[in-house]
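Here's a quick briefing to read with the sequence and the model open side by side.

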Amino acid sequence: MFKLDTADYMISISGSDALRELSSPGKSGSMFFLSQDDRFMIKTLRKSEVQVLLRMLRDYYRHVHTYDNTLVTKFFGLHRVKPSSGQKFRFVVMGNMFCTELRIHQRFDLKGSSLGRSTDKVKIDENTTLKDLDLNYSFYLEPSWRDALLKQIEIDSEFLKNQGIMDYSLLLGFHYRARQSLVRGGSLPETILQDNKLAVLSEQDAMEDDSAYNDYREGLVLVQRGSNQEGKVAVGPHIRGSRLRSSSACYEEVDLLLPGTARLQIQLGVNMPARAEKQEKQEKDGGKSLRQVYDVVLYIGIIDILQEYSMRKKVEHAYKSVKYNPLSISVVEPRFYSERFLNFIRTVFPENAPNQ
């Protein structure tokens, strides 16, 4: 169903090339590995997480079968290995949502809670996974894409709530295409998402030796998808579901054109062009705000979906609720977690103002 070739899968996971170990971004104690071709993420699991996945597997299958554009983690294999000498361990094979030719400049793990949701690392680089309180961006999408994204997140969150799952995250990574402008205080200029649209070229213009989009070389350009373009589009691993259509192109299917690279197939959560607004206070300038606006390409998925609201988590919730504000902690019952998660995600992707 995920359109994976069995032979390719086996070569990626168990070929002659070693897996690359990654530092764990969370407190679960899990170990993370990446296949050499970047297509697959491998994560060790606790026995309780294995039991949760097996329990919800039938419903999970139905969900990903029904919703081609689902953002929940794509699971491909669940394994248990016991070395001849040593302790057995369990691991799951998942799709790496950051498997792309583009460089991921920043990544965020977003839950909607605030307690402990900041990164305490002194040195932060592109591989650092930042958290809720570190987020100082808002992302503006074409209105129809924003509606589709938030709708799918609601559907996925409802599924997880019905499974008794909490503590999941929206993993968001983005590639900077270009800085659009700097604005001190005041409102954003009208050049951002003019008429809520990105520049669109016809298929014929896009084929004319780059001349038609020289003016857009630093920005994002959409290209109408032609009938003979299938072989020219760079299709990432595990991509399934429908392509996005753009109002800028009369609601025709479009690809993302980045000069110097192949076309990228735009789908929900994959290769999504957006405008990112970053706001920072300038201490040396009387505390005035500085807004930086960038063209970005977004990659979005819902991860860590195997934590149920167990008795142990209920005890943890009760204990933390005494010490901290109960609304700020991550460990809450699934219904409240879902509501808080959705409310927060809506603020990350605000509606475009009329003059934007």
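R243 counts as buried because its relative accessibility is 11%, and the cut-off for that label is under 20%. Keep in mind that this is a predicted model.

- The side chain of R243 pairs up with the side chain of D255 in a polar contact of 2.8 Å.
- Q265 is another partner: its side chain makes a polar contact of 3.1 Å with the side chain of R243.
- S246 belongs to strand β13, and with 0% relative accessibility it counts as buried too.
- From there, the side chain of S246 makes a polar contact with the side chain of E142, at 2.9 Å.

**Salt bridges**

- The count for the model comes to 18 salt bridges.
- One of them joins the side chains of R20 and D38, with N to O at 2.1 Å. This pair ties together distant parts of the chain, 18 residues apart: R20 is in strand β1, while D38 is in the loop between β2 (32-34) and β3 (40-45).
- R20 has a relative accessible area of 33%, so it's partly exposed; D38, at 28%, is partly exposed as well.
- D59 and R62 form a salt bridge whose closest N and O atoms are 2.4 Å apart. These two are three residues apart in helix α2, which means that about one helical turn separates them.
- R103 bridges to E126, with 2.8 Å between the closest N and O atoms. Here again distant parts of the chain are linked, 23 residues apart: R103 lies in the loop between β5 and β6 (106-110), and E126 in the loop between β6 and β7 (129-130).
- R103 counts as exposed at 51% relative accessibility, whereas E126 is partly exposed at 26%.
- D109, R117 and D132 are tied into a network of salt bridges.

**Surface patches**

- For positive charge, look at the surface patch where K47, R80, K82 and K88 gather. K88 is in the loop between β4 (75-81) and β5 (89-95), and its 36% relative accessibility makes it partly exposed.
- For negative charge, there's a surface patch built from D5, D8, D17 and D37. D17 is found in the loop between α1 (6-14) and β1 (20-22), and it counts as exposed at 52% relative accessibility.
- L54, L57 and L78 make up a nonpolar surface patch, and together they have about 250 Å² of accessible area. L57 is part of helix α2 (residues 47-66) and is partly exposed, at 41% relative accessibility.

- E333 is in the loop between α5 (311-323) and α6 (334-348), and it's partly exposed with a relative accessible area of 27%.
- The side chain of E333 reaches the backbone nitrogen of F336 at 2.9 Å.
- Which residue lies 168 positions away from E333 in sequence, yet 8.5 Å away in space, C-alpha to C-alpha? That's I165.

Methods: Residues are numbered from 1 along each chain as its sequence is written. This is a predicted model: local features need pLDDT of at least 70, side-chain atom pairs count only at pLDDT 80 or more; totals for chains, interfaces and linings use all residues. Side-chain values use heavy atoms; hydrogens and water are left out. Buried means under 20% relative accessible area, exposed over 50%, partly exposed in between (1.4 Å probe, protein chains only). A polar contact is a pair of N or O atoms within 3.5 Å; within protein, one must be able to donate a hydrogen and the other to accept it, and residues adjacent in sequence count only if both atoms are side-chain atoms. Patches are made of residues with over 30% relative accessible area and no salt bridge: like charges are joined within 9 Å, nonpolar side chains (Val, Leu, Ile, Met, Phe, Trp, Tyr) within 5 Å. Accessible areas come from the Shrake-Rupley method with a 1.4 Å probe; for residues, only the protein chains shown count as cover. A salt bridge is a side-chain nitrogen of Lys or Arg within 4 Å of a carboxyl oxygen of Asp or Glu. Lys and Arg count as positive and Asp and Glu as negative; His and the chain ends are not counted. The place of a charge is taken as NZ of Lys, CZ of Arg, CG of Asp or CD of Glu. Helices (H or I, at least four residues) and strands (E, at least two) are DSSP runs, numbered from the N terminus.
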